[in-house]
Amino acid sequence: MASEATQAVDSSTLWGGGRSPFSVSYGKMMMWFFLVSDALTFSGLLVAYGYARHAYTGAWPIGEEVFYSLPGLSGHYPLIYVALMTFILIISSVTMVLAVEAGHRKDDKGVIKWLAWTIIGGFFFLGSQAWEWSHFIHGTPGYITMADNAKYWLTEEIPNNKTAADVANFGLIANKGSENERVIEGAEAVSIYEDKVMHVQGANMTINEYGPPQYGNFFFFITGFHGFHVFSGVVINIIIFIQVLKGVYRRRGHYEMVEKTGLYWHFVDLVWVFVFTFFYLI
Amino acid sequence: MERDDLIVNDSYALNNTHSEEQGVEIRKKIIKVTVLLSVITAIEVALGIFIKQGTTLWPVVKWSFIVMTLIKAFYIVAVFMHLGDERKSLRYVIILPYALFILYLLFIGITESNHINEIWLQYKP
């Protein structure tokens with residue numbers, strides 16, 4: 001390197017072939033080009049989300065009012081869970097860059113150690129996302145709509161094989177969020193519930209209790225597409241991990257494969273940084 | 001113009017191996033960036049929890065979210081993906097076409113959704 005650092009190469013020689021004008025290998029350059037195209041896909045999705053979000057200003061749900069739960073706890077913890085997910089992904093990105101750095105020093109043990117942590121971080125993130133999806137789909141006790149378009153929120157959840165009359169303390173909240181909000185209880189609430197047109201609880205592809213149907217669709221598609229990237233990233237990391245264990249890269253003389261998968265893994269983290277801001281915060 | 005044909009930083013080329021001292025330097029930088037990313041995320045979450053949408057402070061907070069996100073993105077790309085250490089030609093080949101497309105798409109998205117929003121407010125039931 002020392003000799004190259006001072007050596008001036010004529011541009012025409014450089015572009016005429018023989019060596020990469022970008023001073024990177026073919027594989028790494030193609031990984032970058034793939035990431036650019038993938039970034040365009042994600043940007044397209046996020047811009048589409050922003051479009052819907054902006055067009056429905058007022059009716060669109062706010063992240064911190066939808067995502068406020070922590071596993072095993074019943075209180076109100078806005079954004080804490082998703083912040084935790086973000087932190088897990090950032091840390092796994094750090095362990096990945098440490099694996100790449102160890103690779104540059106041809107430090108086998110370091111690569112193995114940091115890559116293992118990266119894979120564990122990836123699994124943690126996937127598990128967190130599975131919980132969040134299940135929570136989003138299941139939702140709160142939900143609301144009912146009436147023939148005259150009135151909307152009542154349930155205070156208690158009705159278990160699958162029960163009816164409203166079986167639920168102790170069953171109640172309905174009328175005009176939720178406005179100044180004439182009131183709670184209806186007992187037999188009156190049950191009779192209103194019996195006359196309902198529809199009971200909306202949680203989310204699916206056609207309707208959700210949080211806001212316009214597109215909100216649920218964007219949630220499933222954007223976080224799902226990102227989760228799919230995380231999943232494939234974990235699979236690729238495991239493959240590379242096995243190769244490192246087998247000593248493939250030591251024999252090859254360089255650890256560039258670790259660096260290339262590292263690029264992909266950092267990209268997944270990068271996308272999440274944007275999803276976090278635009279889906280959850282704004 | 002700065003000459004781009006000098007191989008000033010070839011440290012990620014295949015034939016290169018880092019020494020232990022270089023490794024120490026790089027790790028220091030990684031730790032610094034980690035702390036920065038964590039602190040920015042913590043600030044974002046705190047702002048998100050304490051400042052509600054629709055308050056007078058909200059527009060400032062919203063824009064600070066976007067700025068903080070871009071700062072985080074810059075450090076992830078420049079340091080973790082070490083694009084900052086690549087040659088200038090590669091940096092531009094990656095960043096410029098992307099930026100061009102996305103700024104254009106953002107412009108279209110914002111203009112159109114503004115218009116749709118106006119109509120929606122006008123005719124909503």
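Me: How should I read the packing of helix H3 of chain A against helix H3 of chain B, and at what angle do the two pack?

Reply: Two packed helices are described by the angle between their axes and the distance between the axes. In this predicted model, helix H3 (residues 26-55) of chain A and helix H3 (residues 88-123) of chain B have axes 8 Å apart and pack at an angle of about 15°. Axes are lines fitted to C-alpha atoms, for helices over the stretch in contact, and angles run from 0 to 180 degrees between N-to-C directions; helices (H or I, at least four residues) and strands (E, at least two) are DSSP runs, numbered from the N terminus. That angle makes H3(A) roughly parallel to H3(B), since angles under 35 degrees count as roughly parallel, over 145 as roughly antiparallel, 65 to 115 as roughly perpendicular and the rest as oblique. Residues are numbered from 1 along each chain as its sequence is written, and chains are lettered from A and ligands numbered from 1 in the order in which they are written. Local features need pLDDT of at least 70 and side-chain atom pairs count only at pLDDT 80 or more, whereas totals for chains, interfaces and linings use all residues.

Me: In which hand does H3(A) pass H3(B), and how do the residues of their contact divide?

Reply: The crossing is right-handed, a crossing being left-handed if the near helix is turned anticlockwise from the far one by less than a right angle, and right-handed if clockwise. The residues of this contact divide into 16 nonpolar, 8 polar and 1 charged, where Ala, Val, Leu, Ile, Met, Phe, Trp, Tyr, Cys and Pro count as nonpolar, Asp, Glu, Lys and Arg as charged, and the others, Gly among them, as polar.

Me: Within chain A, how are H5(A) and H6(A) packed?

Reply: H5(A) and helix H6 (residues 108-138) of chain A pack at about 160°, with their axes 8 Å apart, and are therefore roughly antiparallel to each other. H5(A) passes H6(A) in a left-handed crossing, and the residues of their contact comprise 15 nonpolar, 9 polar and 1 charged.

Me: How many residues does each chain bring to the contact between them?

Reply: Chain A brings 54 residues and chain B brings 53, two residues being in contact if their C-beta atoms, placed from the backbone, lie within 7 Å. On the side of chain A that touches chain B, the largest share, 11 residues, comes from H3(A), and by class that side has 31 nonpolar, 15 polar and 8 charged residues.

Me: Is Leu79(A) buried or exposed, and what is its phi?

Reply: Leu79(A), in the loop between helix H4 (63-66) and H5 of chain A, is buried, with 21 other C-beta atoms within 10 Å; a residue is buried if 20 or more other C-beta atoms lie within 10 Å of its own, exposed if 12 or fewer, and partly exposed in between, with C-beta atoms placed from the backbone. Although Leu79(A) is not a glycine, its phi is positive, at about 65°.
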